[in-house]
Amino acid sequence: MKQEQFVARHQQEWQQLEQWLQQRAGASRGKRRRPDAGDPGDVAFPQRYRRLCQQLALARERGYSPQLVQRLQQLMQQGHSVLYRTPPVRWRRALEFLVADFPMLVRSQARSMWVALAMFAVPALACFVVVQLYPDSVHLLMDNSQIAEMERMYDPAADRLGRDSGTDWMMFGYYVMNNISIALRTFASGLLAGLGTLLVLLFNGVIMGAVAGHLQQIGHGDPFWRFVVGHAAFELTAIVIAGGAGLQLGMKLLAPGRRRRIDALVEGGRIGARLCLGVAFMLLLAAFVEAFWSSIAQIPAWAKYSVAGVLWTGVLLWLWRGGRGGERAD
């Protein structure tokens, strides 16, 4: 076979392989989003690499031009480094997800996130104001036993804030389970056409606003704010993100576009699952801060608020700037 015929037969295959190798190299330098594990190029690469080795051997055997042999040799070397490279360390991939992929994914669902924030924050602020103006209205939202428990937990004379008893480690486990269960409920309720997620956000916003308003009104506001201000940066933000994940799932159900509804739901579930991984990490940090820092009553208010300012700034900068410069996450 003449060289011209050989090149014409395999040229497109070489170009596709060159392009794929360039994409892989770009991903390793952080210039592009890393291909998914199920990328068809990843699956087919070993077979394509073996064909390239055979084609290089034929080119050498038939005495084709040195330029062609050199091109195939370079392709083979690049492919060899990809095929036989050391697999990436898992902790490094997890770190990349938390630092870059997760905030990019949150920003890619910006509309759902803003709606979730409004459905949580607006009822909370409204209930806080109403309870300030009409103190007895708190009894319409909470029963007397719940109100008494809140007053006892945030009594200015208490040694520990936000709880009656329990060791730090025991409360840490409780906070983890409680917060993650709320987040998962918020996300999974999106399957009810998004209505379930809206109700969960609304309910939590109303209760939080009522509790804050009542404690502020009776003079227990200082211990309450000193308790919640630190871990709220992680906890409240995570709940809003879980709500946004549930809302985008509901939108996939209501408005699948040109895709089949089941395909749209699968995509929404995949996005939501990745968002929930980041939410679980945030709630783990929130539980740690809540158990070992927020509950200490002896720490002065200026220290609590200073640390809270650092945490809030860090969380917002992370979600706003994390992964900038990379491609948009799916």
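**Helix 5 and helix 9**

I began with helix 5 (residues 110-133) and helix 9, whose axes come within 7 Å and cross at roughly 30 degrees. The model I am reading is a predicted one. An angle under 35 degrees counts as roughly parallel, and helix 5 and helix 9 are therefore roughly parallel to each other. I looked up the hand of the crossing next: helix 5 passes helix 9 in a right-handed way. I then sorted the residues of this contact by class and noted 15 nonpolar, eight polar and no charged residues.

**Helix 7 and helix 9**

I stayed with helix 9 (residues 195-217) and turned to its packing with helix 7 (residues 144-153). Here the angle is about 60 degrees, and the axes are 11 Å apart. That makes helix 7 oblique to helix 9. The crossing of helix 7 and helix 9 is right-handed. Which residues meet where helix 7 and helix 9 pack? From helix 7 I listed I147, M150 and E151, and from helix 9 I listed V211, H214 and L215. By class, the residues of this contact are four nonpolar, one polar and one charged.

**Helix 11 and helix 12**

I went on to helix 11 (residues 261-294) and helix 12 (residues 301-321). Their axes come within 13 Å and cross at roughly 175 degrees. Angles over 145 degrees count as roughly antiparallel, and helix 11 and helix 12 are therefore roughly antiparallel to each other. On the helix 11 side I noted M282, W293 and S294 in the contact. On the helix 12 side I noted A303, K304, V307, V315 and W318. The classes for this contact of helix 11 with helix 12 are six nonpolar, one polar and one charged.

I also looked up D263, which lies in helix 11. D263 has 34% relative accessibility and so counts as partly exposed.

**H231 in helix 10**

H231 has its place in helix 10 (residues 221-254). Is H231 buried or exposed? I found a relative accessible area of 4%, so H231 is buried. Not counting residues up to four places away in sequence, H231 touches A286, V289, E290 and S294. S294 was already in my notes as a helix 11 residue in the contact with helix 12. I also checked M177, which is 54 residues from H231 along the chain. The C-alpha atoms of H231 and M177 are separated by 15 Å.

**Aromatic pairs**

How many aromatic pairs does the structure hold? I noted 14. One of them joins F97 and F102: the ring centres are 6.1 Å apart and the planes are at 50 degrees, so this pair is tilted. F97 counts as buried because its relative accessibility is 13%. F102 is buried too, with a relative accessible area of 0%. F224 and W225 form an edge-to-face pair, 4.9 Å centre to centre and with 70 degrees between the planes. F224, at 5% relative accessibility, counts as buried, while W225, at 29%, counts as partly exposed. I then followed the ring pairs and found that they link F128, Y154, F224, W225 and F227 into a cluster.

**G162, in a loop**

I found G162 in the loop between helix 7 and helix 8. With a relative accessible area of 9%, G162 is buried. Which residues is G162 in contact with, leaving aside its neighbours within four places in sequence? I listed M153, Y154, Y175 and F227.

**A193, in another loop**

My last entry is A193, in the loop between helix 8 (168-188) and helix 9. Most residues other than glycine have a negative phi. The phi of A193 is near 55 degrees, a positive value in a residue other than glycine. I also looked up how open A193 is: at 32% relative accessibility, A193 counts as partly exposed.

Note on methods: Residues are numbered from 1 along each chain as its sequence is written. This is a predicted model: local features need pLDDT of at least 70, side-chain atom pairs count only at pLDDT 80 or more; totals for chains, interfaces and linings use all residues. Side-chain values use heavy atoms; hydrogens and water are left out. Axes are lines fitted to C-alpha atoms, for helices over the stretch in contact, and angles run from 0 to 180 degrees between N-to-C directions. Helices (H or I, at least four residues) and strands (E, at least two) are DSSP runs, numbered from the N terminus. Angles under 35 degrees count as roughly parallel, over 145 as roughly antiparallel, 65 to 115 as roughly perpendicular and the rest as oblique. A crossing is left-handed if the near helix is turned anticlockwise from the far one by less than a right angle, and right-handed if clockwise. Contact means heavy atoms within 4.5 Å. Ala, Val, Leu, Ile, Met, Phe, Trp, Tyr, Cys and Pro count as nonpolar, Asp, Glu, Lys and Arg as charged, and the others, Gly among them, as polar. Rings of Phe, Tyr and Trp (its six-membered ring) pair if their centres lie within 6.5 Å; planes under 30 degrees apart count as stacked, over 60 as edge-to-face and the rest as tilted. Buried means under 20% relative accessible area, exposed over 50%, partly exposed in between (1.4 Å probe, protein chains only).
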